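The following exercises are to be worked through with the sequence and the structure in view. Each task is followed by a solution in steps.

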Amino acid sequence: MSTLDPLRLLREPWNASEGNQSNITAGASGGWCQGLDIPNELFLALGLVSLVENLLVVAAILKNRNLHSPTYYFICCLAVSDMLVSISNLAEMLFMLLLEHGVLVMRPSIVRHMDNVIDMLICSSVVSSLSFLGVIAVDRYITIFYALRYHSIMTLQRAVVTMASIWLASTVSSTILITYYQSNTILLCLISFFLFMLVLMLVLYIHMFALARHHLHSISSQQKPPTAHRSGSLKGAVTLTILLGVFFICWGPFFFHLILIVTCPTNPFCACFFSYFNLFLILIICNSVIDPLIYAFRSQELRRTLREVVMCSW
Amino acid sequence: MSALRLISNRTSQQALSNSDYTWDYEYYEYGPVSFEGLKAHKYSIVIGFWVGLAVFVIFMFFVLTLLTKTGAPHQDNAEPSEKRFHMNSFVTDFGRPLESERVFSRQMAEESQSLFHFCINEVEHMNKAKESHKGPGLESNIHFQEVPRSSGMFEEDLHCLTKFNIPNFVNTEQNSSLGEDDLLISEPPIILESKLATQSSHRILD
């Protein structure tokens, strides 16, 4: 029977065809790529920071009635899915530590079951996090290009339906992924989903940026001293680079890993890339740390509410 | 994530042998992977990927920055004529924006209010100049069906709005107080739409 679980299969895809457990000593394979040994404390620290940040975002949005609008509901859902990423990671850490130190003793079948549950949680939070990033971009696009009709396009009911369907879809797709993880089709679906989100965000944000640049250019051409033009456009360029750059850097490596699994699972060069799997997971957790900073805390209203929440809790 | 490998090791060990619970950090067989006779450096894909990603992000930043520097000044010369053409084709009630202003007033800064009036006045003056081409009721009612909601309207609206600095403030424009009823009853003219667009774009990108 195969005891390979999904995430180990992602880390060592060359075992996929064999599915056996034959072992060799460390010396024979030590010459190849060592990979990066991520200390558990880093996982723990990043997970805790992400959890606290996203909890604060959710608390601030729930507390302030001005933030009860579809835009902020989507940001709240992004914070919830980032929170799930960090929670599932922390749960896994806890699980591992307890098992390692013998505090928790469980039958192998239960261990496997818990393993699958955690993998499912991780996968669904990853999918929903990506989806909400795309939905936020679409929402901003509608805000800018359909400004007056925004409230009739993005009604509260449609927003709730969108959120519910994304959560449902991510749960279902993660269940399917964990159940059929050995199939290449599933990986291709994930990769195409990521590419779709990537292209969507690129197109929408660059179009929005082009409009903002056009505004600024028109303003500056009217004014005698072109003061606000350069700095305003530069700020827009920096914001956009940060938004898209964080997306690429945090999500890109993991999905490139998946692409390499599909295309060259047994190639030694690709195998070298696979050895950095832990780093790619750290980057996804970093994304859930950075997302509140670049999405939620950009809003002054939310920052003000956050200050109130933090002061009240002290 | 290394936990999962650890757990799987233990699972497999317990499944295969019902001996005492031991933990071995096992290395897996690199059976199908052959490392002999490789010409390129083993880290080539890893380094290539990270360098490519960094170059891409920096390239994207420079492209965006260059986009901000370049622009076509001649476009603005063509806009006034286009603006007059579009002005002929839409009718707005300039008493109404005040009511709409009340709706949006809590988000508008003082300077934008005064400059908005200036913008309205300017459009009003232009409309008066074209009054001969239109029937009565030009400035008292909103003729929604005559308002062409085309993307071309952006240009002439922008031209009016560009006469003042869009205040870079962060606000909760789409808060729950702006219900659908407000927009259905007193549907603001196109000029407010592009103003909202300007505000939104600056709110998001600054």
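**Exercise 1.** Determine which cysteine is joined to Cys264(A) by a disulfide, and which hand this disulfide has.

*Solution.* A disulfide joins Cys264(A) to Cys270(A), with an S to S distance of 1.9 Å; the criterion is a pair of cysteine sulfur atoms within 2.5 Å. By this rule the count is one disulfide over all chains. The torsion about the S-S bond of Cys264(A) and Cys270(A) is about -85 degrees, so the disulfide is left-handed.

The model is predicted: local features need pLDDT of at least 70, side-chain atom pairs count only at pLDDT 80 or more, and totals for chains, interfaces and linings use all residues. Residues are numbered from 1 along each chain as its sequence is written, chains are lettered from A and ligands numbered from 1 in the order in which they are written, and side-chain values use heavy atoms, with hydrogens and water left out.

**Exercise 2.** Classify Cys264(A), Cys270(A) and Cys312(A) as buried or exposed.

*Solution.* Buried means under 20% relative accessible area, exposed over 50%, and partly exposed in between (1.4 Å probe, protein chains only). Cys264(A), with a relative accessible area of 16%, is therefore buried. Cys270(A), at 1%, is buried. Cys312(A), at 64% relative accessibility, is exposed.

**Exercise 3.** State which cysteine sulfur is nearest to that of Cys76(A), and whether Cys76(A) is buried or exposed.

*Solution.* With 10% relative accessibility, Cys76(A) counts as buried.
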